[in-house]
Amino acid sequence: MMSENPAETVEEESRPARRSRGRLRRTLVVLAVMLLLFGVPWSTLVVGGAAWPTAVVVVGTLVFVAAFAALPLLMRVGHGRERRDRPAAAGDTLLGVVWVLFVWSVLGQVVELGLLAAGVADPVRSRLVAAGVLIVAVVLLIWGYTEAMRVPRVKRLDVTLPRLGRGLDGLRVAMITDTHYGPIDRARWSASMVERVNGLDADVVCHVGDIADGTAVQREAQASPLASVRAASARVYVTGNHEYFSEAQGWLDYMARIGWDVLHNRHVVIERGGDRLVIAGIDDATAAGSGVRGHGADIDTALDGADPALPVLLLAHQPKQVGQAVRAGVDLQISGHTHGGQIWPFNFLVRLEQPVVHGLSTHGERTQLYTSRGTGFWGPPFRVFAPSEITLLTLRSR
């Protein structure tokens, strides 16, 4: 049936064209990024002024072409509608490898300029750079994989909260975040991580979001050790942005079912020695736009009914949510999300979006923020100059 309004007809006819142009722009951007990521290492390692034998150039070029073609295919099969774990793991690994090669190839070009200024001629100059880049990249990838797959070390930190009562002085808060259970089966890692958390004898254990990439049904085998986490006073959990890619409500229901307090814009109060602490949690910053009904960060709702005279510990997945914490007079916010950059120098890009990449910082007159590097990893199974952590915060009164 034709619309009675000609303007509506024109608008409807123009939508497919706009969508087509939008897809074309996105495709061109992705293609340009991929050409850069693969092209710089190819130029540095295979061609350039190295004058390798023809066989080396041909084989090296074929390897780069095959990797260039494989990456989008693996990502589409692994992370698209099919969500197949093996292609996802292979694509993520390839992405990490090419990122490390790209970064150190760029740095290698800088070194080559220095060698040029020093009078070192080609092909020796280019061959030295190519060999150096390859050696450094291989060493960093092996080390980075080991760092990603090991059980995190414990980072211990005292945090003074002036409003904290003396009865709560020394309260031990264990923090895990960004476990990202995903395509690589880390069920044994998860059990070992929980064992290490339990060894801390914490009063409160917090999981600050991004529990997994996938639904609770898909990742239950990896997440199930969380049921064994021990805490003297409370086990609390909030959503991260990745829950909103994979049935956030399912993860909330799962964590509640295994005995955790789900802080879906709500709070609990713990007491020791006659003093009390409010532990509040808010949804991730992306929740409101996720389309999941009833979700969205709401600190007013989270603190509704709490005594304003009591100190507040807030769980919020992203550091940039600290603005809400400051306005609400929160004493300490704990966050994850950044992974500390995960693979250097990605930390500089993270800093463009988040106020803090890692560590303890102060915001406003009262609010402190602790940002964890994360307990697991996302995507590429590498951590380069950004070690994972289980954090033990010991709260101190003045």
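My entries follow, beginning with the ground rules.

**Ground rules.** This is a predicted model, so I kept to its cut-offs: local features need pLDDT of at least 70, side-chain atom pairs count only at pLDDT 80 or more, and totals for chains, interfaces and linings use all residues. Residues are numbered from 1 along each chain as its sequence is written, and side-chain values use heavy atoms, with hydrogens and water left out.

**Domains.** For contacts (heavy atoms within 4.5 Å), I got 21 residues of domain 1 against 20 residues of domain 2.

**Buried area.** About 1800 Å² is buried between domain 1 and domain 2, and carbon and sulfur atoms give 69% of that. Here buried area is the accessible area (1.4 Å probe) that two parts lose on being put together, summed over both. On the domain 1 side, Trp99, Glu147 and Ala148 lose the most area to domain 2, together 30% of what that side buries.

**Salt bridges.** I used a side-chain nitrogen of Lys or Arg within 4 Å of a carboxyl oxygen of Asp or Glu. The rule finds 2 across the interface of domain 1 and domain 2. I also noted the salt bridge of Arg153 with Glu147, whose closest N and O atoms are 3.3 Å apart.

**Who touches domain 2.** Helix 3 (85-117) and helix 4 (124-149) are the elements giving two or more residues to that side of domain 1. Helices here are DSSP runs of H or I, at least four residues, and strands are runs of E, at least two, numbered from the N terminus. Helix 3 supplies the largest share, 13 residues.

I traced an open sheet of 6 strands, order 1-12-2-3-4-5, mixed pairing; two strands pair if DSSP finds at least two bridges between them. Strand 1 (153-160) and strand 5 (261-262) are the edges, each pairing on one side only. Strand 2 (residues 171-176) runs antiparallel to strand 12 (residues 389-396), joined by 5 bridges, and Leu171 stands opposite Leu395.

Most residues other than glycine have a negative phi, and most peptide bonds are trans. I found a cis bond from Asp122 to Pro123, omega near 5°; Pro123 sits in the loop between helix 3 and helix 4. Trp344 and Pro345 are also joined by a cis bond, omega about 5°, and Pro345 lies between strand 9 (332-335) and helix 10 (346-350). Glu247 has a positive phi, near 60°, in the loop between strand 4 (234-237) and helix 7 (248-257).
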